[in-house]
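My notes follow in the order I looked things up.

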Amino acid sequence: AIFRVGVRKVVAVEDGLRRLRGEADRLMGLIEDILDLTRLESGKLALKTVPIAINEIAHAAVETTKASANKHGVTLVEELSEDLPLLRLDEVKMRQVVVNLVVNAIKFGGEGGQVVVHTAREPKYVRVEVRDRGPGIAPEATTHIFELFGQAAPEDTGRESGAGIGLHLVKRISELHGGHVGVNSIPGEGSIFWVRLPLALAETAEQASRERAAA
């Protein structure tokens, strides 16, 4: 009996530590978002671009958010196209973009659901999508969801809204790369948040690779 009580206490302590780590990570993420927002508003956020595969960034974002997905019983699925060129991107900031979209989908997509990270090539863009099967977003809300403090939690998720900074940063960082963002959502069926990055970035990436090889 004493052994069982001891085990229960250890499990309780471990659970408490996991929750504390999760809260600490959430707080640090919020602080980083606020710092980036401050740099953006002051014009001091400089991109450090390198030629990199968007699939590498997408996969890293999935790995980063696995703990949060497991916590909510959400399954993360990668659907990554194989015919994508290298793009000249800020690896850290673009990973932040995809992470913010995945975290948003996990938070509002519904317990025990599925979040899909999808990449594809379009005629003039490389597209990154994050899809969920949650309650969706009302049409009137999609028009301002990327605005600062514009995020609102669907009423039937039972969860609180976020700080309203993450999606705004997704928009601003994507635009710094020459891209743009959007959301397609059907109430009751889920949402697709997407980022489109111009293929012109691929030309720059290929040029940078040639210059490095010639150096």
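I call two residues in contact when heavy atoms lie within 4.5 Å. Among contacts in the chain between residues at least 6 apart in sequence, I found that 74% join residues at least 24 apart.

A note on the source: this is a predicted model, in which local features need pLDDT of at least 70, side-chain atom pairs count only at pLDDT 80 or more, and totals for chains, interfaces and linings use all residues. Residues are numbered from 1 along each chain as its sequence is written, and side-chain values use heavy atoms, with hydrogens and water left out.

**Entry: the overall layout**

I took helices (H or I, at least four residues) and strands (E, at least two) as DSSP runs, numbered from the N terminus. On that basis I counted 6 helices and 7 strands in the chain. Their order along the sequence reads α-β-α-β-β-α-β-β-α-α-β-β-α.

Next came burial, where buried means under 20% relative accessible area, exposed over 50%, and partly exposed in between (1.4 Å probe, protein chains only). Of the 215 residues of the chain, 42% count as buried.

**Entry: helix α2**

I looked at α2 next, which covers residues 54-71 and has 18 residues. The expected span of a helix is 1.5 Å times one less than its number of residues. From its first C-alpha to its last, α2 reaches 26 Å, close to the 26 Å expected.

Where does α2 bend? I found a bend of about 50° at threonine 65, taking the bend at a residue as the angle between axes fitted to the seven residues ending there and the seven starting there. Thr65 is also on my list of buried residues in α2, together with Ile54, Asn55, Ile57, Ala58, Ala61, Val62 and Ala69. I kept a general point in mind here: an α-helix has 3.6 residues a turn, so residues three or four places apart point the same way. After the helix comes glycine 73, with a positive phi near 70°.

I then picked out alanine 58 in α2. Alanine 58 counts as buried because its relative accessible area is 0%. Which residues does alanine 58 contact, leaving aside its neighbours within four places in sequence? I noted Leu80, Val98, Val117 and Thr119. I also checked valine 128, which is 70 residues from alanine 58 along the chain; their C-alpha atoms are separated by 8.2 Å.

**Entry: α3 against α5**

Two packed helices are described by the angle between their axes and the distance between the axes. For α3 (residues 91-108) and α5 (residues 166-176) I noted an angle of about 145° and axes 9 Å apart. Axes here are lines fitted to C-alpha atoms, for helices over the stretch in contact, and angles run from 0 to 180 degrees between N-to-C directions. From α3 the contact uses Lys93, Met94, Gln96, Val97, Asn100, Leu101 and Asn104, and from α5 it uses Gly166, Leu167, Leu169, Val170, Ile173 and Ser174.

Phenylalanine 108 lies in α3, and at 8% relative accessibility it counts as buried. Its C-alpha is separated by 9.5 Å from that of glycine 190, 82 residues apart along the chain.

In α5 I stopped at histidine 168. Histidine 168 is buried, with a relative accessible area of 10%. Between the C-alpha atoms of histidine 168 and glutamate 147, 21 residues apart along the chain, I read 5.4 Å.
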